Amino acid sequence: MVWKRTRSPHFLSNFFGCCCRSKRTAHSSSSSSEASLLLQKEEDDVVIAKPGWKAMPYILGNEAVEKMATYGLTTNLMVYLVREYHMDQVFAANLLSLWICALCLFTVLGASLADTYLGKFRTILFASFASLLGMTTITVTASVPQLRPPPCDLGRHCISSTKIQLWILIMGLSWLGIGSAGIRPCSLPFGLDQFDTSTVEGRLATHSFLNWYYTSGTLVLLINQVFLVYIQDSVSWALGFGIPTLLMMLCAIPLFLVGSNIYVCVKPGGSIFLSFAQVLVAAYKKRHLKVLNDERVQGVLFDASLDGNAVVSKLPLSTQSSFLKKAALVVENDLKDGLSVNAWRLCTIQQVEDVMYVKKTLPTWASGGIFLLAFVQEGTFMVSQALKMDRHIGTKLQMPAGAIKMMSLSIIIIWLPLYDRVIQPALKRITKSEDGIPTLKKIGIGYIFSILCMLVAGLVEQQRRTLATLHGESPNGVAPISVFWLFPQLVLLGLSEVFGALGHIEFYNKEFPEKMKSIGNSLIYLCMACATYLSSLVVTIVHSFTGKHGQPNWLDNDINAGRLDYFYFLLAGLGVLNFVYFLFCACGYSYKVGLKAVEIVPDV
């Protein structure tokens, strides 16, 4: 099968036709038996011509500008809510936490719509307009004084926002969340769709694309931390929000549309969850039958398309989960003219393999929540540490406490290009493997760095607290220790993200079925939502059970009086237990092998 691109004569055709622009052609056959033989013959394998790196300037450019726009507006949103809307810090923090968690959860819904009905191109495009609407709404609240509370008077008496003002703000956040929930899970899989993973060159290109995709996103975050936050804090909220909004309107969306004649767009495959339900029901109905886990079984399993004319990513028959394979066992009256009579009684073996591969990845995914606990602390307790440390750079310049994130971001920006261009090629020559380091080993290394990060954070906090106690007369309880003592733990956190978080993303995109790439990519955001909720639970439990019998509360509002170091050691202990669980899941895991794209030709 060769993908052919036809150029559309005008914009509207591009807008509505991209996902159908890639046409499939194949030779016809004269019988259903010839169709089934076509699945088994290597000489009938299909070559897919994909643009590869030619499409990347548009996709990476759009992704970088979109992240600069979205993160540029949300990075400093907490300060905006407290200063301009006069919100209580607890209420503002809860509102943002709820919004972030809802965004992470809704990425699964956005990914499902992309893989099931809309396709990735349309989902990204529609979501971009939703983000633009939300960003415009929030920018307008910063530009029009009537849409936010009046400034506090000289006596620091502040008027709270009205219900209308609050609802307009929430409406803007909602549209922005809807847009992000559609863009984030789809942009990376859409970029990977442009590479031919049936070739060695295509698979190597996907590794580089993943690294550069993550590097560009991290660089954007660093730019936001340095420039846009300064403009918002020191110049104008309207200008600080207006710049990202204009970037989204004038750069991100047009740049994405310019490449529409180059992209290969994979058509959505229908309801994935319905297909999974059919496999489970069909397997249950045939639970009394027996399956042989060897080559003899291939002759009695249904191995054809349900509609007779669909491209299938051919997976080799695995030797696991005999129960699920029963869904594809052909018995009397299951077939008519080579097709399944009842999809709830007879499924294709490819449907079964899809379910089995997804089931295999879930235990590894479950370990991601505890792993990401360290990342949640970067924006909370590590900032509290920085506030109680000497943040001066020279005699006049003082680093904002929230700017410590630049340390971990810088490590990612330096490490990923170095790894992609120098370290990974060397590892490939040593290990004789395309990946250099297998994906699960990469995730395991990230977990180790996460544990070390928490241990080092605890040791540094012990030293900071000791110095703060010895110099109790210091103003605001600031310890005579430089904030750059946080650099080692932030370096470890950055390396943990490079190996662990990026390893998770690579794992899902490799192991999930072709028609579920967006859903697989959304799982990392689901892990982050779980980590956020889990962190809140751990903090609540620690805060409730410590501080009794004359002992200090570990998480006291004054960290000099608390024992934040014990909390870090607790997280390190949880990380060790999680690592042991991960090793148990990873041992014996068999990766998905290379796919062969074939086409099933209907009877003529």
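Here are a few worked exercises on this predicted model.

**Exercise 1.** Work out how helix α6 runs relative to helix α7.

*Solution.* Start with the axes: those of α6 (residues 120–143) and α7 (residues 163–192) come within 7 Å and cross at roughly 150 degrees. Next, recall that angles over 145 degrees count as roughly antiparallel. Therefore α6 is roughly antiparallel to α7. To finish, note the handedness: α6 passes α7 in a left-handed crossing.

**Exercise 2.** Find which parts of the chain the salt bridge between Glu 84 and Arg 148 ties together.

*Solution.* First look at the contact itself, where the two side chains meet at 3.4 Å, N to O. Then place each partner: Glu 84 sits in helix α4 (residues 77–84) and Arg 148 in the loop between α6 and α7, so the pair ties together parts that are 64 residues apart in sequence. Now check the cover on Arg 148: its relative accessible area is 17%. Buried means under 20%, so Arg 148 is buried.

**Exercise 3.** Decide whether Glu 378 and Lys 405 are buried or partly exposed.

*Solution.* Begin with their salt bridge, in which the closest N and O atoms are 3.3 Å apart. Now take the accessibilities in turn. Glu 378 has 6% relative accessibility, so Glu 378 counts as buried. Lys 405 has 26%, so Lys 405 counts as partly exposed.

Key: Residues numbered from 1 in each chain as written. Predicted model: local features only at pLDDT ≥ 70, side-chain atom pairs only at ≥ 80, totals over all residues. Heavy atoms only, no water. Axes fitted to C-alpha atoms, helices over the stretch in contact; angles between N-to-C directions. Helix = DSSP H or I, 4+ residues; strand = E, 2+ residues; numbered from the N terminus. Parallel < 35°, antiparallel > 145°, perpendicular 65-115°, else oblique. Left-handed = near helix turned anticlockwise from the far one by under 90°. Salt bridge = Lys/Arg side-chain N within 4 Å of Asp/Glu carboxyl O. Buried < 20%, exposed > 50% of the residue type's maximum accessible area, 1.4 Å probe, protein only.
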